[in-house]
Amino acid sequence: MTEWRGPIVVTGTDTDVGKTIVTAAITAAAQAAGLRVAVVKPGQTGTAAGGTSDVDVVNHLAAPTTARTLASYPDPLAPLAAARVAELPPLELYTVVDEVRAEAEKHDLVLVEGAGGLLVPMGLRPSGEPWTVADLAVSLDARAIVVNRAGLGTLNHTALTLEALSRRSVAAGVVLGAWPPEPELVHWENLAELLPTLVGALPDGAGSMDPGVFQRSAPGWLTPPLYGVLDDWRVWAEDAV
(Lines give C-alpha, C1' and ligand atoms only; values in the text may rest on other atoms or scores of the structure.)
Protein backbone atom coordinates (compact mmCIF):
# COMPACT_ATOMS: atom_id res chain seq x y z
CA MET A 1 0.00 0.00 0.00
CA THR A 2 1.36 3.39 -1.01
CA GLU A 3 2.11 5.84 1.79
CA TRP A 4 0.25 9.14 1.64
CA ARG A 5 2.45 12.18 1.04
CA GLY A 6 2.02 15.88 0.36
CA PRO A 7 -1.05 17.77 1.59
CA ILE A 8 -3.75 15.74 3.33
CA VAL A 9 -6.98 17.37 4.49
CA VAL A 10 -8.34 16.10 7.82
CA THR A 11 -12.10 16.58 8.06
CA GLY A 12 -14.90 14.96 10.00
CA THR A 13 -18.48 13.81 9.84
CA ASP A 14 -19.31 16.49 12.42
CA THR A 15 -17.70 18.62 15.10
CA ASP A 16 -16.01 17.00 18.12
CA VAL A 17 -15.34 13.67 16.41
CA GLY A 18 -11.61 13.65 17.16
CA LYS A 19 -10.00 15.39 14.17
CA THR A 20 -7.27 17.01 16.26
CA ILE A 21 -6.26 13.80 18.03
CA VAL A 22 -6.25 11.89 14.73
CA THR A 23 -4.10 14.65 13.22
CA ALA A 24 -1.69 14.24 16.12
CA ALA A 25 -1.64 10.45 15.71
CA ILE A 26 -0.83 10.63 12.00
CA THR A 27 1.86 13.20 12.81
CA ALA A 28 3.42 10.94 15.42
CA ALA A 29 3.38 7.86 13.17
CA ALA A 30 4.81 9.74 10.18
CA GLN A 31 7.59 11.32 12.23
CA ALA A 32 8.46 7.93 13.71
CA ALA A 33 8.90 6.80 10.09
CA GLY A 34 11.35 9.65 9.52
CA LEU A 35 9.14 12.19 7.75
CA ARG A 36 9.11 15.94 8.23
CA VAL A 37 5.51 16.85 9.09
CA ALA A 38 3.71 20.18 9.08
CA VAL A 39 0.28 20.74 10.60
CA VAL A 40 -1.80 23.67 9.36
CA LYS A 41 -5.03 24.82 11.00
CA PRO A 42 -6.60 27.36 8.59
CA GLY A 43 -9.19 28.69 11.03
CA GLN A 44 -9.30 28.31 14.81
CA THR A 45 -12.53 29.49 16.42
CA GLY A 46 -13.67 29.88 20.03
CA THR A 47 -10.46 31.54 21.22
CA ALA A 48 -12.31 33.94 23.54
CA ALA A 49 -12.95 31.04 25.91
CA GLY A 50 -9.22 30.57 26.40
CA GLY A 51 -7.76 27.13 26.80
CA THR A 52 -5.59 25.26 24.34
CA SER A 53 -5.98 25.55 20.60
CA ASP A 54 -6.01 22.58 18.25
CA VAL A 55 -2.43 23.33 17.25
CA ASP A 56 -1.47 23.44 20.95
CA VAL A 57 -2.94 19.95 21.38
CA VAL A 58 -1.06 18.58 18.36
CA ASN A 59 2.19 20.19 19.55
CA HIS A 60 1.73 18.67 23.02
CA LEU A 61 0.96 15.15 21.80
CA ALA A 62 3.13 14.81 18.70
CA ALA A 63 5.52 17.79 18.41
CA PRO A 64 5.41 18.17 14.60
CA THR A 65 8.27 19.83 12.75
CA THR A 66 5.97 22.79 12.04
CA ALA A 67 2.51 23.66 13.37
CA ARG A 68 0.63 26.81 12.36
CA THR A 69 -2.75 28.46 12.79
CA LEU A 70 -3.50 30.85 9.92
CA ALA A 71 -6.40 32.76 11.51
CA SER A 72 -8.10 32.81 14.92
CA TYR A 73 -11.59 34.03 15.79
CA PRO A 74 -13.13 34.60 19.24
CA ASP A 75 -16.55 32.96 18.86
CA PRO A 76 -17.18 29.18 18.69
CA LEU A 77 -18.80 29.29 15.26
CA ALA A 78 -17.95 28.14 11.76
CA PRO A 79 -14.88 30.15 10.65
CA LEU A 80 -16.73 32.32 8.13
CA ALA A 81 -19.49 33.15 10.61
CA ALA A 82 -16.93 33.74 13.36
CA ALA A 83 -15.03 36.18 11.14
CA ARG A 84 -18.22 38.04 10.29
CA VAL A 85 -19.37 38.32 13.92
CA ALA A 86 -15.95 39.52 15.07
CA GLU A 87 -15.63 41.88 12.09
CA LEU A 88 -12.31 40.26 11.19
CA PRO A 89 -11.03 39.38 7.71
CA PRO A 90 -12.34 35.99 6.54
CA LEU A 91 -10.00 33.29 5.31
CA GLU A 92 -9.36 33.65 1.59
CA LEU A 93 -9.20 30.31 -0.22
CA TYR A 94 -6.15 30.88 -2.36
CA THR A 95 -4.20 32.44 0.50
CA VAL A 96 -4.72 29.20 2.42
CA VAL A 97 -3.78 27.16 -0.68
CA ASP A 98 -0.55 29.15 -1.07
CA GLU A 99 0.35 28.73 2.61
CA VAL A 100 -0.20 24.96 2.49
CA ARG A 101 1.77 24.59 -0.74
CA ALA A 102 4.63 26.57 0.78
CA GLU A 103 4.76 24.11 3.70
CA ALA A 104 4.57 21.17 1.28
CA GLU A 105 7.78 22.37 -0.36
CA LYS A 106 9.57 22.08 2.99
CA HIS A 107 7.91 18.97 4.44
CA ASP A 108 7.11 15.42 3.36
CA LEU A 109 3.58 15.54 4.74
CA VAL A 110 1.25 18.47 5.45
CA LEU A 111 -1.87 17.77 7.51
CA VAL A 112 -4.54 20.45 7.09
CA GLU A 113 -7.15 20.23 9.83
CA GLY A 114 -10.55 21.67 8.96
CA ALA A 115 -13.31 22.90 11.24
CA GLY A 116 -16.46 20.87 11.88
CA GLY A 117 -17.57 18.85 8.87
CA LEU A 118 -16.64 18.82 5.21
CA LEU A 119 -19.03 21.52 3.97
CA VAL A 120 -18.74 24.04 6.81
CA PRO A 121 -18.15 27.55 5.37
CA MET A 122 -14.48 28.33 6.03
CA GLY A 123 -14.04 31.70 4.34
CA LEU A 124 -14.49 33.52 1.06
CA ARG A 125 -13.18 33.15 -2.48
CA PRO A 126 -11.96 36.24 -4.35
CA SER A 127 -15.43 36.27 -5.96
CA GLY A 128 -17.04 36.64 -2.54
CA GLU A 129 -18.49 33.12 -2.57
CA PRO A 130 -17.96 30.90 0.51
CA TRP A 131 -15.53 27.99 0.32
CA THR A 132 -15.37 24.72 2.28
CA VAL A 133 -12.83 22.10 3.25
CA ALA A 134 -14.02 20.13 0.23
CA ASP A 135 -13.08 23.08 -2.00
CA LEU A 136 -9.68 23.27 -0.30
CA ALA A 137 -9.02 19.58 -0.97
CA VAL A 138 -9.86 20.06 -4.65
CA SER A 139 -7.68 23.16 -4.96
CA LEU A 140 -4.74 21.35 -3.33
CA ASP A 141 -5.34 18.11 -5.24
CA ALA A 142 -5.16 16.54 -1.79
CA ARG A 143 -6.44 13.32 -0.31
CA ALA A 144 -8.77 13.46 2.69
CA ILE A 145 -9.02 11.74 6.04
CA VAL A 146 -12.61 11.54 7.31
CA VAL A 147 -12.78 11.19 11.09
CA ASN A 148 -16.03 9.72 12.35
CA ARG A 149 -17.77 8.36 15.40
CA ALA A 150 -18.11 4.69 16.22
CA GLY A 151 -21.73 4.74 17.41
CA LEU A 152 -25.25 5.07 16.09
CA GLY A 153 -25.68 7.41 13.13
CA THR A 154 -22.13 7.18 11.89
CA LEU A 155 -22.89 5.10 8.78
CA ASN A 156 -25.13 7.75 7.27
CA HIS A 157 -22.86 10.66 8.19
CA THR A 158 -19.79 8.85 6.88
CA ALA A 159 -21.49 7.82 3.64
CA LEU A 160 -22.66 11.39 2.99
CA THR A 161 -19.16 12.77 3.57
CA LEU A 162 -17.49 10.15 1.38
CA GLU A 163 -20.05 10.70 -1.38
CA ALA A 164 -19.41 14.44 -1.34
CA LEU A 165 -15.67 13.80 -1.64
CA SER A 166 -16.13 11.19 -4.38
CA ARG A 167 -18.21 13.61 -6.45
CA ARG A 168 -15.24 15.97 -6.31
CA SER A 169 -12.78 13.18 -7.20
CA VAL A 170 -11.07 13.45 -3.80
CA ALA A 171 -9.64 10.13 -2.59
CA ALA A 172 -10.44 9.50 1.07
CA GLY A 173 -9.96 7.13 3.95
CA VAL A 174 -11.84 6.89 7.25
CA VAL A 175 -10.46 6.89 10.80
CA LEU A 176 -12.61 6.08 13.83
CA GLY A 177 -11.96 8.93 16.21
CA ALA A 178 -12.73 7.15 19.49
CA TRP A 179 -13.27 3.39 19.75
CA PRO A 180 -14.99 2.71 23.11
CA PRO A 181 -13.30 0.58 25.80
CA GLU A 182 -16.43 -1.59 26.03
CA PRO A 183 -17.89 -1.74 22.51
CA GLU A 184 -21.50 -2.77 22.08
CA LEU A 185 -23.25 -4.52 19.20
CA VAL A 186 -23.80 -1.25 17.30
CA HIS A 187 -20.06 -0.50 17.38
CA TRP A 188 -19.10 -3.92 16.02
CA GLU A 189 -21.74 -3.76 13.28
CA ASN A 190 -20.62 -0.28 12.28
CA LEU A 191 -17.02 -1.45 12.20
CA ALA A 192 -17.94 -4.28 9.83
CA GLU A 193 -19.70 -1.84 7.48
CA LEU A 194 -16.86 0.67 7.57
CA LEU A 195 -13.96 -1.76 7.09
CA PRO A 196 -13.59 -1.21 3.31
CA THR A 197 -12.76 2.46 3.87
CA LEU A 198 -11.02 2.32 7.26
CA VAL A 199 -7.39 3.40 7.51
CA GLY A 200 -7.26 3.72 11.28
CA ALA A 201 -9.03 3.65 14.65
CA LEU A 202 -8.05 5.48 17.82
CA PRO A 203 -9.01 4.35 21.33
CA ASP A 204 -11.31 6.60 23.30
CA GLY A 205 -9.23 8.82 25.56
CA ALA A 206 -6.11 8.77 23.38
CA GLY A 207 -5.82 12.54 23.68
CA SER A 208 -5.32 12.33 27.45
CA MET A 209 -2.32 10.00 27.18
CA ASP A 210 1.18 11.00 28.17
CA PRO A 211 2.83 12.35 24.98
CA GLY A 212 5.54 9.69 25.02
CA VAL A 213 2.97 6.90 25.33
CA PHE A 214 0.84 8.54 22.63
CA GLN A 215 3.74 8.73 20.19
CA ARG A 216 4.78 5.12 20.79
CA SER A 217 1.19 3.90 20.47
CA ALA A 218 0.09 5.89 17.42
CA PRO A 219 1.50 3.55 14.73
CA GLY A 220 -0.63 0.73 16.16
CA TRP A 221 -3.80 2.73 15.50
CA LEU A 222 -3.11 3.41 11.82
CA THR A 223 -2.65 1.36 8.66
CA PRO A 224 0.54 1.45 6.53
CA PRO A 225 -0.66 4.23 4.16
CA LEU A 226 -0.70 6.48 7.25
CA TYR A 227 2.68 5.16 8.49
CA GLY A 228 1.16 2.74 10.96
CA VAL A 229 1.50 -0.99 11.50
CA LEU A 230 -2.18 -1.95 11.71
CA ASP A 231 -2.50 -4.44 8.85
CA ASP A 232 -4.99 -7.02 10.16
CA TRP A 233 -8.35 -5.79 11.46
CA ARG A 234 -9.20 -9.25 12.80
CA VAL A 235 -6.17 -9.16 15.10
CA TRP A 236 -7.01 -5.58 16.06
CA ALA A 237 -10.58 -6.61 16.94
CA GLU A 238 -9.33 -9.47 19.12
CA ASP A 239 -7.04 -7.06 20.96
CA ALA A 240 -9.86 -4.54 21.36
CA VAL A 241 -12.04 -6.82 23.46
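User: A crossing is left-handed if the near helix is turned anticlockwise from the far one by less than a right angle, and right-handed if clockwise. Is the crossing of α1 and α2 left-handed or right-handed?

Analyst: This is a predicted model: local features need pLDDT of at least 70, side-chain atom pairs count only at pLDDT 80 or more, and totals for chains, interfaces and linings use all residues. Residues are numbered from 1 along each chain as its sequence is written, and side-chain values use heavy atoms, without hydrogens or water. Helix α1 (a DSSP run of H or I, at least four residues) covers 19–32, and α2 covers 54–62. Where α1 passes α2, the crossing is right-handed.

User: How far apart are the axes of α1 and α2?

Analyst: Axes are lines fitted to C-alpha atoms over the stretch in contact, with angles from 0 to 180 degrees between N-to-C directions. The α1–α2 angle is about 35°. Their axis separation is 9 Å.

User: Which residues of α2 meet α1?

Analyst: Contact means heavy atoms within 4.5 Å. From α1 come Thr 20, Ile 21, Thr 23, Ala 24, Thr 27, Ala 28 and Gln 31. The contact has 7 nonpolar, 4 polar and 1 charged residues (Asp, Glu, Lys and Arg count as charged; Ala, Val, Leu, Ile, Met, Phe, Trp, Tyr, Cys and Pro as nonpolar; the others as polar). The α2 side supplies Asp 54, Val 57, Val 58, Leu 61 and Ala 62.

User: How do α6 and α7 lie relative to each other?

Analyst: Helix α6 holds residues 154–167, and α7 holds 185–194. They pack at about 20°, with axes 10 Å apart. Angles under 35 degrees count as roughly parallel. So α6 and α7 are roughly parallel.

User: Which residues of α7 make the contact with α6?

Analyst: On α6, the contact uses Thr 154, Leu 155 and Thr 158. By class, the contact holds 2 nonpolar, 3 polar and 1 charged. On α7, the residues are Asn 190, Glu 193 and Leu 194.

How values were computed: Helices (H or I, at least four residues) and strands (E, at least two) are DSSP runs, numbered from the N terminus. Angles under 35 degrees count as roughly parallel, over 145 as roughly antiparallel, 65 to 115 as roughly perpendicular and the rest as oblique.
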